[in-house]
Amino acid sequence: MNTEGKKSFLIHAAYYAFIAILAILAIRFLLPPLSPFMFGFFFAWVLHKPAKAVGQKLRLHYQLPAFVLGVILYVILFVVVVIAGAQVVSALEHFVPKIPVIYANQIVPFIANAFDTLEVKMQDFDPAIVELIDRLSQELFSYLQKAISSISVMAVRLASSIITGMPSVILSIILMVVSTFFIVLDFDHIVSYVLSIMPKRIRDTFTETMSTGVDSVRKILGSYILIMGMSFVELSIGLLVLNIPYAVGLALLISIIDIMPVLGTGLVLIPWAIIAAILGLYPTAIGIAVLYVIMLVVRNIVEPKLVGKQMGLHPV
């Protein structure tokens, strides 16, 4: 590499490093205060096309259906969050204090009996094996006690952080809602103004990217929201049939986990079924296992067809 090539490489490396540093600083310092407005813009973007379509169909001014759809959206979100939040809080209040009792009355006797049975069967073998089993049981009980203590400490810290952070969360929600209505009511003018102040080359690239990418993202998001809704309905029905307390809140939490990459309902339902079986709750364990199998079959059949139809691709 000659001198000019080295100089060009160093200039480009310094330029991209500078851009990367600016991006990191922006994410670190600008993202938290700007996130309510970003979410507000996202919801406005979601509402824009439906509001336009409703206005054209009913021959109404765009701003009226935009405002009404915005109110409907936030009312639905508010009701869902309040109901699910109340269910989750009630479940935590009901379950967390019982963790030490469950540990002492059910988990410890089960593990102790299992190790005692194993020691009795191993007495005819090398005494070192019996000693090893005894040591393993002691280490397991010590680990479980530390885990129970950690869960209790984490629960207290989580409750404290939620209470202290509530004012800022409420303020962010208010800013998000207000910005959504301001943006959606004047969406076209705002977008046109932002595009007009961009340099032509950046504007052309941005417009092309948005035209090719946004529609695909909208379709994918729509597909996975439908899948999440299906999972929520299946889980709610299944947990209600099994007479599980706080079924709706648990269904919402599990459906959110289900939609995340790599994770899934199995992350919750499989350990839940195993623990229920260990505790002797065999009908509950079998019911949760059956629910998981049903959801797995429905998910593998519906998801490829739904996403493929939205994206214009074959399900395979």
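1. W45 has a relative accessible area of 15% and is therefore buried, a word used here for residues under 20% relative accessible area, with exposed meaning over 50% and partly exposed in between (1.4 Å probe, protein chains only). The model is a predicted one, in which local features need pLDDT of at least 70 and side-chain atom pairs count only at pLDDT 80 or more, while totals for chains, interfaces and linings use all residues. Residues are numbered from 1 along each chain as its sequence is written, and side-chain values use heavy atoms, leaving out hydrogens and water.

2. F42 and W45 lie three residues apart in helix α1 (residues 3–58), helices being DSSP runs of H or I with at least four residues, numbered from the N terminus. F42, at 33% relative accessibility, counts as partly exposed.

3. F67 in helix α2 (residues 63–95) and F181 in helix α4 (residues 127–185) form a pair that links distant parts of the chain, 114 residues apart. F67 is partly exposed at 42% relative accessibility, whereas F181 is buried at 16%.

4. The largest nonpolar core has 12 residues, among them L235, L239, I244 and L291; such a core is a set of buried Ala, Val, Leu, Ile, Met, Phe, Trp, Tyr and Cys residues joined through side-chain atoms within 4.5 Å. At least two residues of this core come from each of α6 (200–241), α7 (247–259), α8 (266–278) and α9 (282–311), and α9 supplies the largest share, four residues.

5. A second, separate core has nine residues, including A44, L47, Y62 and I183.
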